[in-house]
Amino acid sequence: SDAGMPDAGMSDAGMPDAPPMFGDPAAGLQAMPGNCSSDGWCWLVPTPNGNDYTHIFGTGPDNIWLTGWATLLQWNGTTWIQHHPPVVAGESPGELAWTITGTSATDMWLLYETSLEHWDGNAWTIVETLSLGGAPGYRNFWDDPNGDLWVTYSTGDIKRWHGTTATV
């Protein structure tokens, strides 16, 4: 360690740093402007687009996600960010974002209609796609703390993903 350098987490005066302040995600969601038509009709409940939310998941007060019909929102501690993951050819943009899991703001996984997608903090990447007909389909997934993603399918199969490589 460097002599005279304060310890991490300590101020120059030797006092513990104040914890970061985060905003209220519920208040932030209510404050979002609704989507409005050209003639002035706007969605108010639920904001921002009138679509129901289906899942909520978070890894901390600065990484909370909401999914639903045409809805994928991320709370970064101060603001909600609308995400637009890539769409598989043949599907309509704004389909159902089924569910989301992850370990941090730079490691999130999404089941989005017929695709398994990964967020690295900068962009969404399609890792796997299934048939557009819905069979087989995704059932659920879990991102274990060691970094492997476990995915269940309607066929009863389970895959363990290590990054972009899967084992059955």
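Biologist: Which pattern does the protein follow when it is read along the sequence?

Modeller: This is a predicted model, and there are 1 helix and 12 strands in the protein. Read along the sequence, these elements give the pattern α-β-β-β-β-β-β-β-β-β-β-β-β.

Biologist: What share of the residues of the protein counts as buried?

Modeller: The cut-off for a buried residue is a relative accessible area under 20%. The protein exposes about 9800 Å², and carbon and sulfur atoms supply 57% of that area. Of the 168 residues, the share that counts as buried is 32%.

Biologist: In which sense does strand 6 pair with strand 7, and which residue of strand 7 is the bridge partner of W109?

Modeller: Strand 6, which covers residues 107-112, is joined to strand 7 over 5 bridges, and the sense of the pairing is antiparallel. Within this pairing, W109 has as its bridge partner in strand 7 the residue H118.

Biologist: Which residue in the turn between strand 6 and strand 7 has a positive phi, and what is the value?

Modeller: Strand 6 and strand 7 form a hairpin with 2 residues between them, and E113 has its place in that loop. Most residues other than glycine have a negative phi.

Biologist: Is T129 buried, exposed or partly exposed, and which residues does T129 touch?

Modeller: T129 lies in strand 8, where T129 is the bridge partner of S115. Its C-alpha is 6.3 Å from that of L116, although T129 and L116 are 13 residues apart in sequence. Because its relative accessibility is 42%, T129 counts as partly exposed. Leaving aside residues up to four places away in sequence, the residues that T129 touches are V88, T114, S115 and Y138.

Biologist: How much space lies in the largest pocket, and which residues that line it are the closest to its centre?

Modeller: About 160 Å³ of space lies in the largest pocket. Of the 11 residues that line this pocket, the closest to its centre are W98, E113, T114, G137 and Y138.

Biologist: Which elements give two or more residues to the lining of the largest pocket, and how many residues of the lining are charged?

Modeller: The elements that give two or more residues to this lining are strand 5, residues 97-104, and strand 9, residues 138-143. By class, the lining has 5 nonpolar and 4 polar residues, and its number of charged residues is 2.

Technical notes: Residues are numbered from 1 along each chain as its sequence is written. This is a predicted model: local features need pLDDT of at least 70, side-chain atom pairs count only at pLDDT 80 or more; totals for chains, interfaces and linings use all residues. Side-chain values use heavy atoms; hydrogens and water are left out. On a 1 Å grid over the protein atoms alone, a cavity is a set of points where a 1.4 Å probe fits but cannot get out, and a pocket is an open set with protein on both sides within 12 Å along at least five of seven lines; lining residues have an atom within 4 Å of a point. Grid points are joined across faces, edges and corners, and a volume is the space filled by probe spheres set on the points. Helices (H or I, at least four residues) and strands (E, at least two) are DSSP runs, numbered from the N terminus. Ala, Val, Leu, Ile, Met, Phe, Trp, Tyr, Cys and Pro count as nonpolar, Asp, Glu, Lys and Arg as charged, and the others, Gly among them, as polar. Buried means under 20% relative accessible area, exposed over 50%, partly exposed in between (1.4 Å probe, protein chains only). Accessible areas come from the Shrake-Rupley method with a 1.4 Å probe; for residues, only the protein chains shown count as cover. Two strands pair if DSSP finds at least two bridges between them. Contact means heavy atoms within 4.5 Å.
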